[in-house]
Amino acid sequence: MAYGVKLKVWGDYACFTRPEMKVERVSYDVMTPSAARGILEAIYWKPEILWVVDRIHVLNPIRFTNIRRNEVSEVVRLKNVDAAMKRGEPLALFIDETDDDGKLKYRQQRAAMVLRDVAYVIEAHFEIVSGEHNDGKHLDQFTRRAREGGCYHRPYFGCREFPVNFALVEADAPASTLKGEQDLGWMLHDLDYGNSREAQFFRARMKDGVLDCLRQEVKS
Amino acid sequence: MILQALHSLYDRLAQDESAKVPPFGYSTQKIAFAIVLTAEGELVQIADRRDVEGKRRIPIQLTVPGQTKPSGSGVNPCFLWDTTQYLLGYKKDDDKPKRTTGAFVAFRDKHLALKKEIACPAYAAVCQFLEAWKPADAAKHPLLAEVSGGFGVFQILGERRYVQDDPVIQEWWVKHLPTDDDEDTGFCLITGERLPIARLHEPAIKGFPDCPSSSGKLVSFDKSAFRSHGKERGANAPVSILAAFKYCTALNVLTNGARSRQQRIQIGDAATVFWTERASPIEGFFGLVFDAREDTGQNESLRLFLEAARDGKMPGDVDPNLRFYILGLSPNAARLAVRFWHISTVEDVSKKIGGYFRDIQVCKSRDTDPEFPTLQQLLRETAVLRKFDNIPPLLAGAMMRSVLTGLPFPNNLLPVLLDRIRAEQAGEYSNVNYFRACLLKGVLKRNNKLEVSMALDTNNKDKAYLLGRLFAVLERTQAEAINKPNATIRDRFYGSASATPCAVFPVLLRLVQHHVSKAEYGDFRDREIAAILNDVQEFPKRLRMEEQGLFALGYYHQRQYRPTSKPKEE
């Protein structure tokens, strides 16, 4: 619909993980539309609305850094969850659990190439999928929450470890430091939750720091 | 981006005859010997096909049908190439003779079964050979003991090419490649088309000894925690089978193939590969900037390139806007982690390299010091006992990134250096050598934005610098006074002089008076000391990290200072 919102978001780290480099994470150069959608949904969302990201302004130069984190290699099994629920058995996965030979069973150290010092302005609008067509109601709620800092959970840049600071942008979006046209290749647009969560990609082109996320370019 | 750039690299190399990049369905393997047969299938000889390099014999790289043999104990014969076990039923010091025989039988049966399908005299000769061959005959060929464990191919006497390169066989092989009908189609994120998606990305990237079988995977989802949305394996990152083959093969060429000698640099645990968008001579010698080897042929062009870059000029005849890709990888279990990924132009990289060498340029301590020290030589100075294994792990990749992007050096470079300098203060050789001085100057200039010079700067009034100089003069005075002291002031006092000057320098100045009276040029030294102390108001209680760095640099500059002309009053 006609109501668009602009939200400035910034933070120290960000990791918009490329699907192919998911184990040893490598981030995309810029925020993905699906991550932007996640941020908006953290601030305000109801099942009646659907956020659509129009544009992402990249304000800061793109800088990477490397970190290593200790993580686990296995997922908790469903039957363990069952047992915990029905019989009250303990449910845990310890990173330092060793097997009979003394080797660590689950510890995996994973490297990650993450972004540093990111700042974006997300331009988006919402579409009403059900319920009363009262755009003003939803818009007001979002605007109020964005102004006050309200959110259901702290929005994050791709991974929960990288929190987002946000502020509503009432005037025009600030200019980006990036100049020129950049072709970022095929970038993940979003997951098609209706179609067994198949990944959808689009050809990302950034002009003077502005990434256009028009839906019609999406291929799946 | 990374996969796409590698994919384009494959397309570029595939058109280049000299690159010898294997087409889809083939791979490059190290072949040590060839079984030479007559047209009727009789064995002529087992010929050594290795290249001779000095004292060593290196197997040559050939394109053969099929992929690398999977590891494990299963019997899986390859097509027209394999180990001595499969080809001839021979293995040196065989502890499982039954398995060796079984391997040969499997290989023979596989090829005989296809005899009718492949109508080609060369193939018929191979089949006849296999039918008649008895593994016991292997003992007659002494070469086999040498190449046991290596791979071999077939060749017909009189023909230059190998049997697998016969056009009829190649045509048959390409037609009978396993089809991907049973794989799901999806959106390939490299090419943007709907194609069958690879379940596993083959071939594995070779050349990483820390990984099992020396090969790792760039893209893999082997543990359940790595999968998302219930997707298995390759479905987590849809890439078509052909595109996966292309990018993996291109990367293999860089890490392990013929080009790896020039286009792969090992810095610490990070292997860095680089390539340009189009063929260019830069690809040939760029690696030497970071890790010089014996390739004397390239050194002249490298030196010209670096000199031009350092002076801010664009070198030679290379297109400045040529895209330059740099990828840093390091092994982690059976996977490869991306350390850094940088896309730039030749012009930009030249500028950054030039800036880097300007930043680290210091006066040499002896004539044999290299004008353009390699990153390997520099990073070694941060390692305990100067062993390459002890280079702090993340430092190597981070330094590489700083050099190529012009960003400040990693934060832990200065503490690590000062640590090493202090740890080696007692020793035969100077703890602040040319390479460490290079790094110190670089980090002080780039990270701390200090104005530091290449050689001794008598106008620099920074007290840490002056104290470093002072320490060098005191050390020299002692050396001139006492012949072969058991312990010099550097052995005893460098660390504390550098960290807490207030406690140490009064003691040293008291000591030096004795040295001054004993030394031959004592008066001259005395005046030197006075000149330096002239600008020092008081000895600071403590020196901060960057000040200690400046101290070390002042110490180095003063030690290297050789007056170029005789002083007027002599």
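**Helix packing and a buried threonine**

Me: Which helices of chain B do the buried residues of α18(B) pack against?

Reply: This is a predicted model, and in it α18(B) has buried residues including Phe505(B), Leu508(B) and Val512(B). Those buried residues pack against four stretches of chain B: α16 (463-481), α17 (489-499), α19 (522-533) and α20 (545-560).

Me: OK, and what span should helix α18 of chain B have, and how far apart are its end C-alpha atoms?

Reply: The helix covers residues 501-518, which is 18 residues. At 1.5 Å a residue that should span 26 Å, so it agrees with the end C-alpha atoms being apart by 25 Å.

Me: Are α11(B) and α13(B) roughly parallel or roughly perpendicular to each other?

Reply: Their axes sit 7 Å apart and the packing angle is about 110°. Angles of 65 to 115 degrees count as roughly perpendicular. So α11(B) and α13(B) are roughly perpendicular.

Me: Which residues in α13(B) do the α11(B) residues meet?

Reply: On the α11(B) side, the contact uses Val349(B), Lys352(B), Ile353(B) and Tyr356(B). By class, the contact has five nonpolar, one polar and one charged residues. The partners in α13(B) are Val403(B), Leu404(B) and Thr405(B).

Me: Is Thr65(A) buried or exposed?

Reply: Thr65(A) lies in strand β4 of chain A, and touches Tyr13(A), Val114(A) and Arg401(B), among others. Its relative accessibility is 19%, and the cut-off for buried is under 20%. So Thr65(A) counts as buried.

Me: What ipTM does the predictor give the complex?

Reply: For chain B, pLDDT averages 83, with 95% of the residues at 70 or above. For the complex, the predictor gives a pTM of 0.76 and an ipTM of 0.75.

Definitions and conventions: Residues numbered from 1 in each chain as written. Chains lettered and ligands numbered in written order. Predicted model: local features only at pLDDT ≥ 70, side-chain atom pairs only at ≥ 80, totals over all residues. Heavy atoms only, no water. Axes fitted to C-alpha atoms, helices over the stretch in contact; angles between N-to-C directions. Helix = DSSP H or I, 4+ residues; strand = E, 2+ residues; numbered from the N terminus. Parallel < 35°, antiparallel > 145°, perpendicular 65-115°, else oblique. Contact = heavy atoms within 4.5 Å. Nonpolar A, V, L, I, M, F, W, Y, C, P; charged D, E, K, R; others polar. pLDDT = per-residue confidence, 0-100. Buried < 20%, exposed > 50% of the residue type's maximum accessible area, 1.4 Å probe, protein only. Expected span 1.5 Å × (residues − 1). Lists of a residue's contacts leave out its neighbours within four places in sequence.
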